[in-house]
Every structure is written in C-alpha cells, then in structure tokens.
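Work through the exercises below with the sequence and the model open. Try each task before reading its solution.

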Amino acid sequence: MIQDFGTDGVIFLARGLMWTLGLSVATFLCGGILGLIFALGRSLGPRWIRLPIATYIELVQATPLLIVVFLSFYGLPFFGLYLPPLAAASLALTLYATAFLADIWRGCIEAVPRTQWEASEALGLSGPETLRHVIMPQAIRISLGPTVGFMVQIVKNTSVTALIGFVELTRAGQLLNNQTFQPFHVFITVALMYFAICYPMSLWSEKLKEKRNVDSTAH
Amino acid sequence: MSTALHIEGLKKYFGAHEVLKGVDLEVASGDVIAVIGRSGSGKSTMLRCINGLEPFQQGRIRIAGHVLGEGPQNLRVLRTEVGMVFQSYNLFPHLTVAENITLAPRVVRKLPRARHDELVDKVLSRVGLLDKKHAYPDELSGGQQQRVAIARSLAMEPRVMLFDEVTSALDPELTGEVLKAIQELAETGMTMVLVTHEMGFARQVATKTVFMHHGRVWESGPSEEIFGNPQTDELRAFIEPNLK
Amino acid sequence: MAYEMNFQPVLSRAPELIEGTIATIELSAKSIVVGLAVGLVVALGRHDGPRAVRTLATVYIEMFRNTPLLVQLFLLFFGLPFLGLRLSADEAAVIAISLNLGAYSAEIFRAGLAAISKTQVEAALALGLSKLQAMRHVVLIPALKVIYPALTGQLTLTVLGTSIASAISASELTLAGARIESSTFRSLETFLVLAAIYIAITIAFRILYALVGRLLFRRKVPPPSMRAASAFDKKEARA
C-alpha cells in the first residue's frame with residue numbers, strides 16, 4: 001500500500017526520534033560511568049590496570065562502530081545470550097562510548113598541570129584528597145566542551161543501530177520510505193530532526209570550549 | 001642629499017579613533033631616525049603604514065621611488081625595497097636560519113640556489129652569526145633571533161630599514177648585541193627609521209630624533225638638540241625620567 | 001559454554017575478504033583525497049571569502065557535522081534520484097563520505113589557520129612575498145603541524161566510517177563480510193575477522209600518517225636530549 005508522506009509520517013518519525021534520544025541517554029549514562037572508571041584507571045592506576053585499559057581503548061577506536069554493533073547482535077547469541085535489538089544496541093554503543101569517553105577524560109585529567117599534584121602534596125593532602133578537591137574540579141571544567149561534543153557523536157551514531165533493525169529515527173525513516181517511496185522528503189525530514197537535536201548541542205559545546213580558553217588565558 | 005622617505009599629512013583611523021592626526025616627516029638617505037614617544041602615541045602605527053602593512057585614510061608616503069596613498073600600489077615591490085624588523089622577531093619556526101634568510105630572495109627574486117650560500121654568509125657575517133647558519137630559531141637566544149631577523153631583512157638589499165621596538169621583547173643583557181648590530185648597520189650608511197625605547201641609543205646613534213605625541217610629530221630635530229634642549233613640556237616630561 | 005568457534009568457513013572465503021579489504025582501502029583513499037580538498041577550499045573560503053561565501057561554508061559545515069553519515073548516505077543514494085540525479089552505490093559512498101570529511105576537516109584547517117599568528121604572515125609580506133606565497137611557505141607547514149594529530153584522528157574515523165557504506169551495498173569490506181556471514185552462519189567468527197582486518201587497516205594508515213608526518217615536518221624540534229647531542233656532534237665535526 002503506497003501512502004503519502006504527511007502528518008502521520010512525521011509522527012511516526014518523531015516516535016523513532018524518541019527511541020534515538022532514549023538510546024543516546026542510556027549510552028551516555030552507561031558509557032559515562034564505565035568511561036570515568038577507565039579514565040581514572042588509565043591515568044592514575046598501576047601498570048597492570050593501565051595496560052589492558054589502553055589496549056581496550058585502542059582496539060575499540062580502531063574498529064568500526066558498525067562491526068561492534070554486529071558483534072553484539074549476531075555474535076553473542078552463540079554464547080547463549082539472546083539480546084533483543086535494543087539491548088544489543090545499548091551494549092555496543094556503551095562499549096564504544098566507554099572507550100572514547102575514557103580517552104577524552106584521561107586527556108582532561110592529564111591536562112591539569114603536574115605542579116598541582118605537587119602543590120597539594122606540599123600542603124599535606126593525600127592522593128585521593130588531591131584528586132577530589134584539586135584535580136577533578138579542574139579536569140571537569142576542561143572536559144565540559146569535549147564531553148558535550150561527544151554527546152553529539154553519540155546521538156548521530158545511534159543511527160548505526162538501524163542496520164540491525166532497531167527502530168530508532170533512521171530505521172523509522174527507512175520503513176517510512178518503503179511505504180511512501182518519497183525518500184527525499186523522508187530523509188530530509190530525518191536529517192532535520194537530527195540537526196534540531198545536534199546543532200544546539202554543538203553550539204553549546206563550542207561555547208564551553210571558548211569559555212575554557214578565555215578562562216585559561218585569564219589566569 | 002636626496003630624500004629617502006617623505007610623509008605628508010598622514011592620517012589613520014581605527015574605527016572612529018584617530019591614531020595618526022596628520023604626520024609629516026622627511027628622511028634623507030643615509031639618515032638614522034629614532035622615533036620616540038609613549039605607547040599609544042602612534043609611532044609603531046606610522047612605521048607599519050610606511051611599508052603598507054597598515055592602510056591609512058589620508059596623506060601621502062613617498063618612499064624609495066614609490067608613492068603610497070594615491071590609488072593602488074604595488075606593495076610587493078615596495079616591500080622588497082623597505083626592510084622591516086619586528087619586536088617579536090617573527091622568524092619562521094619551521095625553517096633554519098639559512099632558510100629564513102633565503103626564503104624571500106628565492107621566492108620573490110628567484111635567486112638561483114647556487115648563490116644562496118654566498119648571500120647567507122654575507123648577511124650573517126654582518127650580524128656576527130655565521131656559526132648559526134643551520135640552527136632553527138628555537139635553538140637561538142632572543143638576541144640571536146633578532147639579529148637573524150635583521151640579516152633576513154638585509155638579504156633583500158633594502159634601501160630603507162624600519163625597526164619596530166626591536167629590543168623591547170629582549171632581556172636587558174641581550175639588548176646590547178642587537179643594538180650593536182644596528183649601530184654597525186648605521187655606520188654603513190643605511191637609511192633607517194627606528195621606533196625605540198632606548199633613549200641612550202637614540203641619542204648616540206640617531207642623526208635625528210622624532211618625538212611623537214597624541215598621533216602627531218610633537219618635536220623633531222638633531223638628536224643632540226632633542227635630548228639636550230627639549231622645547232616642549234611633553235618632551236621634557238617624557239625624557240627626563242628616562243635620562244636619570 | 002556450548003559454542004565452539006570455527007574460523008575455517010570464514011577464512012576459506014579469503015579471496016572475498018581480500019577483495020573487500022582492497023575496496024575499503026580504495027573507498028577510503030578516494031574519500032580522503034576528495035574530502036581534504038573540499039575541506040581546504042571550504043576552510044579558505046570561510047577564512048578569507050566574502051560574506052556570502054562564509055555563510056555558505058558555515059551552513060555546509062554545520063549541516064554535515066550535525067547529521068549522521070548514514071542519513072547523508074541515504075539522502076544521496078535514495079533521495080537524489082527523485083531530483084533526477086542517479087548515482088551508483090559506489091559513487092554515492094565516495095561523495096557522501098567525502099562531503100562528511102570535508103565538513104570536519106574544514107573546521108580542523110580553520111583551527112590551523114587561526115593558530116598561526118598574524119605576525120608571521122606580516123613578516124612574510126614585509127619581505128615582499130605575496131599573500132599566496134606567504135600561505136605556501138610560511139603558514140602551510142607550521143599550521144599543518146599544529147593540526148596534524150586532530151587531522152589524522154579524523155581520517156581514522158573516516159576510514160572506519162566507510163563500513164557504513166555497506167548499508168547501500170557499496171562495495172567494501174563490511175558488505176563482503178555480511179555476505180560471508182549470511183552464507184556460513186558463522187556470525188561471531190565473521191565479524192571478529194572483520195574487526196581484526198579493520199584494526200590492521202587502521203594501524204597501516206596510522207603508520208602511513210607517521211611517515212608522511214616525518215616527511216612534512218622533517219626534523220622540527222627533536223626532544224631536548226637529542227638536540228643537545230646533535231649540537232655536540234656538530235661541534236665535534238667542526239673541531
């Protein structure tokens with residue numbers, strides 16, 4: 001049945017958009033928690049912790065996200081794990097986000113000058129106290145811009161899960177196109193919806209980065 | 001003596017702010033002119049107008065056979081005849097000393113490669129840095145970098161040299177070597193305009209000193225008179241603390 | 001764990017895997033060349049162009065950076081024929097990936113242009129170089145050096161992003177893998193092998209970037225210890 005792309009279609013896409021947003025939030029939360037642990041382990045942990053984390057980050061960053069998604073969707077059932085598309089999608093995106101966020105945040109922790117550790121030590125603060133009161137507050141300020149920037153990447157990259165049949169915005173676009181045969185209208189609408197989410201976040205990220213540059217030159 | 005540089009009624013605005021309010025200046029060839037004045041008096045801006053780095057709104061500049069301020073000019077030809085040395089040296093960090101020196105002769109003058117060595121040796125010996133030919137700028141002290149910058153300018157065989165506060169960024173113990181290089185250059189008869197804060201140097205080396213104040217040439221004359229017998233209160237107020 | 005891995009069925013399809021690998025490298029190389037060219041032109045337009053050009057460049061950059069590559073691919077491949085322009089899957093892939101890279105690299109190039117201080121250009125102009133000569137001899141290499149890590153990082157993302165082109169059946173490695181997977185049912189093995197090949201490709205490209213970097217930034221600031229040693233060597237040689 002061929003139908004026209006109209007209000008119903010937009011509503012259908014909007015429902016897909018909701019799934020895109022939900023998946024993005026879940027990815028950011030899970031990837032954020034793991035990423036933070038990995039970032040701390042990578043920059044401050046002993047060698048036997050740093051090395052496997054570094055390897056994990058390198059491997060994930062050298063593998064296409066699509067392959068990670070395929071691995072969790074097609075691969076894991078062989079271990080007796082039958083994951084529905086939503087779970088497989090969340091798992092794959094979390095693995096991916098963990099690696100990238102850990103790398104970004106490691107850089108932020110290491111961007112705090114070494115002398116800050118020495119100064120705190122001289123004041124009698126312990127390692128964890130230094131981390132909590134001196135290093136992290138500065139590292140977090142540095143990380144805000146790049147973190148929001150990476151959120152944009154997460155939102156866009158959830159689109160890859162369309163290829164395992166998870167019905168988020170892009171998959172909704174494909175389905176709607178199959179019914180309406182108006183690919184140009186459908187995908188332009190899809191693109192605009194992504195843009196409406198991502199562009200404000202990109203602007204925000206830029207503003208945060210600029211603010212940090214101004215801060216650091218003012219010091 | 002012929003005129004090397006002639007500025008008439010030079011006016012320059014940054015937005016609504018008038019930085020140069022009608023500057024007149026005449027420089028004979030072989031002259032060494034020191035331009036002194038407080039920061040914001042317009043002295044660096046005037047210097048930048050002379051080789052076309054800053055556009056200006058009114059007036060005329062005649063220099064080395066070119067006229068600025070009468071329609072579009074071939075700035076590139078002008079600039080090959082007017083050398084400029086900057087406060088922050090501005091050497092090119094990715095090129096060696098020799099490559100810094102030969103860049104413009106090679107690219108602009110198409111000087112054949114076979115003659116590069118000869119040119120490098122000639123200009124480096126004038127600033128006493130023959131042994132630094134293959135060094136990179138970040139391997140040199142500030143004073144050495146500034147001397148290389150002078151040599152780089154000399155390589156284009158300019159008729160007039162402009163110096164924009166060339167010792168201001170240097171540690172005090174390094175200014176001497178740069179001033180010495182400039183003084184030796186002056187003794188060869190090079191026409192030079194120096195914006196400077198070094199009053200003693202201006203008095204000793206410059207044939208003529210120009211005091212700029214509020215975007216105008218406030219007072220000018222032979223250096224001995226300017227420093228020995230200032231006519232205006234502003235000049236007196238400016239040089240007295242400096243000479244103590 | 002009941003499942004036993006068996007790579008044999010996948011590895012016996014080596015010719016298809018090799019073909020796919022070559023196709024991926026080809027798609028990557030084409031997209032990188034076109035994408036960087038687009039990015040450079042757009043960056044210069046945004047840096048120096050008239051107002052209309054700057055606006056246009058900004059719109060292009062923001063559109064492509066704030067929508068998924070997959071959607072860009074679908075628009076070009078499925079959407080354009082409705083405007084009378086039909087592209088093959090391979091063509092659509094090169095164009096979409098190039099335009100995507102173009103937007104990202106334009107931003108990176110712009111950062112490089114901004115990083116080289118105005119005074120460096122002024123020094124070159126004061127020596128009589130033209131604006132273009134100043135760009136070529138004074139700005140290009142130092143600017144490239146500043147942005148090189150960011151740029152090569154983006155190129156890695158672009159190379160990995162080519163796997164998305166399998167969605168429109170453009171010829172590349174992931175498509176080859178998907179075909180092997182659907183006929184052998186060895187999904188886990190197939191995608192593990194693909195991951196390994198992609199990792200190898202990424203490493204190969206990184207080595208290439210390092211070599212190109214060494215060529216472009218010949219010498220340039222060795223670490224302090226080496227510098228001291230080389231200065232000593234020179235002294236020795238002169239003596």
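**Exercise 1: a strand in chain B**

Strand β7 (residues 160-164) of chain B is mostly covered, as five of its five residues are buried. A residue is buried if 20 or more other C-beta atoms lie within 10 Å of its own, exposed if 12 or fewer, and partly exposed in between, with C-beta atoms placed from the backbone. Helices (H or I, at least four residues) and strands (E, at least two) are DSSP runs, numbered from the N terminus.

This is a predicted model, in which local features need pLDDT of at least 70 and side-chain atom pairs count only at pLDDT 80 or more, while totals for chains, interfaces and linings use all residues. Residues are numbered from 1 along each chain as its sequence is written, and chains are lettered from A and ligands numbered from 1 in the order in which they are written.

Task: work out which residues point which way from β7(B), and which strands pair with β7(B).

Solution.
1. V160(B), L162(B) and D164(B) point one way, M161(B) and F163(B) point the other way, and all are buried.
2. Two strands pair if DSSP finds at least two bridges between them. Strand β6 (residues 82-85) of chain B runs parallel to β7(B) and is joined to it by four bridges. Within this pairing, V160(B) is the bridge partner of V82(B).
3. Strand β8 (residues 191-195) of chain B also pairs with β7(B) in the parallel sense, over five bridges. Here L194(B) in β8(B) stands opposite F163(B).
4. β7(B), helix α6 (residues 172-187) of chain B and β8(B) form a right-handed β-α-β unit: with the strands pointing away from the viewer, the path from the first strand over the helix to the second runs clockwise.

**Exercise 2: where chain C touches chain B**

Task: find how many residues each chain gives to the contact, and which element of chain C gives the most.

Solution.
1. The contact (C-beta atoms, placed from the backbone, within 7 Å) takes 18 residues from chain C and 19 residues from chain B.
2. On the chain C side, α6 (118-126) and α7 (131-161) are the elements that give two or more residues.
3. α6(C) gives the most, with six residues.
4. By class, this side of chain C has nine nonpolar (Ala, Val, Leu, Ile, Met, Phe, Trp, Tyr, Cys, Pro), six polar (the others, Gly among them) and three charged (Asp, Glu, Lys, Arg) residues.

**Exercise 3: chain A**

Task: how many helices and strands does chain A have?

Solution.
1. Chain A has eight helices and zero strands.
2. Its C-alpha trace spans about 75 × 45 × 25 Å along the principal axes.
3. Of the 219 residues in chain A, 41% are buried.

Methods. Contact = placed C-beta atoms within 7 Å.
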